[in-house]
Amino acid sequence: MAAPGTDLNRYVVAVTGASGMIYARKLLAYFAGRPDLELHAVISGAGEQVLALELGLKPRDLAPGAVWHRVEDFTAPLASGSFRARAMVVVPCTMGTLGAIAQGVGRNLIHRAAEVFLKEKRPLILVVRETPLSLIHLKNLTRAAAAGATIFPACPGFYHHPQNLEELARQFAGRILDHLGLEHQLCARWGEG
Ligand SMILES: Cc1cc2nc3c(=O)[nH]c(=O)nc-3n(C[C@H](O)[C@H](O)[C@H](O)COP(=O)(O)O)c2cc1C
């Protein structure tokens, strides 16, 4: 873990209660293997429930070395624009959290931190997951995108012929890391064998 204050190596990952916890697990495992990066993590109450349902895990199993913040704690550093970090990823991101971010309704630390990233013009990636999408969802997606968020739907590709969920998750988490500009060996690259 990097020393506190090395904000250029600092990232925020938030987990909310959508399906797709395998992506959160893979992304957080990457950070666990990068002690040079400082990871701040937060999970919603629904996120904890879906994590237990889908993977039988508790939050700290995902990233034991991360600085975990309570989702109701508005005194956490993430709630302030003076806390600098390279990027924030919400993975997976529910329609509820998307709606709160798109409408600027900061009811928990995840919403507030995302609001801060947008106002400070810092990268915010929303790995949204729902199907089908209502008009409200679609409008919230465009509102969030217009405000600067990157909409990163939890839609894995199949052209790499993943043999199992592990490979699928690796490929997808690798695409998120590409977007963050972080080096990784999680997946093969199209056209590079
Ligand atoms: C097993 C399970 C799967 C869910 N999957 C989704 C999903 O894929 N997308 C979504 O928007 N909500 C999903 N939900 C509903 C959210 O968890 C619920 O709307 C919750 O209030 C979201 O709160 P949060 O955004 O604070 O995590 C799911 C709930 C459960 C129990």
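Me: In which sense do strand 1 and strand 2 pair, and over how many bridges?
Reply: This is a predicted model. In it, strand 1 (residues 10-15) and strand 2 pair in the parallel sense, over 6 bridges.

Me: Which residue stands opposite valine 42?
Reply: Alanine 14 stands opposite valine 42 of strand 2.

Me: What unit do strand 1, helix 1 and strand 2 make?
Reply: A right-handed β-α-β unit. Helix 1 covers residues 21-32.

Me: And how does strand 2 pair with strand 3?
Reply: Also in the parallel sense, here over 3 bridges. Strand 3 is residues 67-69.

Me: Why is strand 2 largely enclosed?
Reply: Because 6 of its 6 residues are buried. Both faces are covered. Glu38, His40 and Val42 lie on one side. Leu39, Ala41 and Ile43 lie on the other.

Me: Switching to histidine 40. Where is it placed?
Reply: In strand 2, which runs over residues 38-43.

Me: Buried or exposed, histidine 40?
Reply: Buried, because its relative accessible area is 5%, and the cut-off for buried is under 20%.

Me: Which side chain does the histidine 40 side chain make a polar contact with at 2.5 Å?
Reply: That of glutamate 38. The histidine 40 side chain also makes a polar contact with the side chain of histidine 69, at 2.8 Å.

Me: What else is histidine 40 in contact with, leaving aside neighbours within four places in sequence?
Reply: Besides His69, the contacts are Arg10, Tyr11, Val12, Val13, Val67, Leu78 and Phe83.

Terms used: Residues numbered from 1 in each chain as written. Predicted model: local features only at pLDDT ≥ 70, side-chain atom pairs only at ≥ 80, totals over all residues. Heavy atoms only, no water. Helix = DSSP H or I, 4+ residues; strand = E, 2+ residues; numbered from the N terminus. Buried < 20%, exposed > 50% of the residue type's maximum accessible area, 1.4 Å probe, protein only. Polar contact = N/O pair within 3.5 Å; in protein donor to acceptor, adjacent residues only side chain to side chain. Contact = heavy atoms within 4.5 Å. Pairing = 2+ DSSP bridges. Right-handed = clockwise from strand over helix to strand, strands pointing away.
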